[in-house]
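Could you walk me through this model in my viewer, one selection at a time? Please tell me what to pick next and what is there.

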Amino acid sequence: MKSTKNCSEKMKQLREIIDNTDAVVIGAGAGLSTSAGFTYNGDRFHKYFGDFIEKYHFQNMYEGGFYPFDSLEEYWAYWSRYIYINRYMNAPKPVYDNLFELVKDKDYFVLTTNVDHCFQKAGQLFMQTARNSDKISLKK
């Protein structure tokens, strides 16, 4: 079994840095959602798209996104399911919730290319826009 001692120590150091800082900038991409369980192939793909896999032999969710379906009904059946499970369902693992817990009492800013809304769902409004303010404050 591989040791997690080095990783645990680095996590402890990161926690100390966050605790002793005034503000945090978070940059995240697809890897964070993947670590949270948002995968587009494998078990999750088979669970939600078994009927499309059987009919069209797709290997992953992306293939269905580019497939020239014969009807708009099939097209939207695919896309509505894709959007529902990748935007509205919660991530299988609490990675975003854990990250929010680390920074919720700090001034923070999130810069992401992710469109799955995991940041927003983690703290209700993890990335809310500033209103009636002369500075951007994304604190809850």
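Is Cys7 buried, partly exposed or exposed? Cys7 counts as partly exposed, because its relative accessibility is 47% (buried is under 20% relative accessible area, exposed over 50%, partly exposed in between, with a 1.4 Å probe and protein chains only).

Before moving on, note that this is a predicted model: local features need pLDDT of at least 70, side-chain atom pairs count only at pLDDT 80 or more, and totals for chains, interfaces and linings use all residues. Residues are numbered from 1 along each chain as its sequence is written, and side-chain values use heavy atoms, leaving out hydrogens and water.

Next, select Cys118, which is buried at 4% relative accessible area. The whole structure has zero disulfides (pairs of cysteine sulfur atoms within 2.5 Å).

Now colour helix H5, residues 72-88 (helices are DSSP runs of H or I with at least four residues, numbered from the N terminus). Show Glu74, Tyr78, Tyr82, Ile85 and Asn86, which are buried. They lie on the same side of H5, because they cover an arc of only 90° around the axis (taken from the directions from the helix axis to the C-beta atoms). On the other side, Leu72, Glu73 and Tyr88 are exposed. The buried residues of H5 pack against helices H3 (42-56) and H4 (61-65).

Last stop: Asn60, in the loop between H3 and H4. Its side chain has a polar atom 3.0 Å from the backbone nitrogen of Tyr62, and the backbone nitrogen of Glu63 also lies 3.0 Å from a polar atom of that side chain (polar contacts are N or O pairs within 3.5 Å; within protein, one must be able to donate a hydrogen and the other to accept it, and residues adjacent in sequence count only if both atoms are side-chain atoms). Leaving aside residues up to four places away in sequence, Asn60 touches Tyr40, Asn41, Phe45 and Tyr78 (heavy atoms within 4.5 Å).

Notes. Helix = DSSP H or I, 4+ residues; strand = E, 2+ residues; numbered from the N terminus. Expected span 1.5 Å × (residues − 1).
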